[in-house]
Amino acid sequence: MTNLKEAAIAWGTAGFAAVLKQEIEQLGIAQLPLQQGLAHSSYVTDTPVQAMILKVSEAEGIILAQVGIFYSGVIAGCNCADDPSPVEENQEYCECLFEIQEKTGETSVRYLYK
């Protein structure tokens, strides 16, 4: 499970969105469900992601944040010596729902859609 403690601390302040964005962008790709959102690639690269906060609300001590994630993927070839397909990064986008426990920062992340 992911922990976004700084975002939980910043909840209710003017700086919440900036703190949340920064914490999400520091997460590794293994902590985000990006593989599900691939539309133009077959494999997520380890390049840094960019987050865009779309909507934030609160329900019973849980901060709900809908976030757009911009990231990169590649079409993985066979890696043969004569493989003609170039390895170029493709830009990808998906939306995720971050459910942040207001008191602890414990966070679950769900893929929403492309």
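Modeller: A strand here is a DSSP run of at least two residues, numbered from the N terminus. The model is a predicted one. Strand E4 covers residues 62-74, and Ser72 lies in it. Ser72 counts as buried because its relative accessibility is 6%, and the cut-off for buried is under 20%. The side chain of Ser72 makes a polar contact of 3.4 Å with the side chain of Glu89. Leaving out residues up to four places away in sequence, Ser72 touches Val44, Thr45, Thr47, Glu89, Asn90, Gln91 and Glu92.

Glu60 is exposed, since its relative accessibility is 83%. Its backbone is worth a look too. Most residues other than glycine have a negative phi. Glu60 is not a glycine, yet its phi is positive, at about 50 degrees.

Next, the aromatic rings. The structure holds two aromatic pairs. Trp11 is partly exposed at 22% relative accessibility, whereas Phe16 is buried at 6%. Phe70 and Tyr93 form a tilted pair, 4.9 Å centre to centre with 50 degrees between the planes. This pair brings the account back to strand E4, which holds Phe70, while Tyr93 sits in strand E5 (residues 90-101). The two residues are 23 residues apart, so the pair links distant parts of the chain. Phe70 is partly exposed, with a relative accessible area of 34%, and Tyr93 is also partly exposed, at 23%.

Terms used: Residues numbered from 1 in each chain as written. Predicted model: local features only at pLDDT ≥ 70, side-chain atom pairs only at ≥ 80, totals over all residues. Heavy atoms only, no water. Helix = DSSP H or I, 4+ residues; strand = E, 2+ residues; numbered from the N terminus. Buried < 20%, exposed > 50% of the residue type's maximum accessible area, 1.4 Å probe, protein only. Polar contact = N/O pair within 3.5 Å; in protein donor to acceptor, adjacent residues only side chain to side chain. Contact = heavy atoms within 4.5 Å. Phe/Tyr/Trp six-rings, centres within 6.5 Å; stacked < 30°, edge-to-face > 60°.
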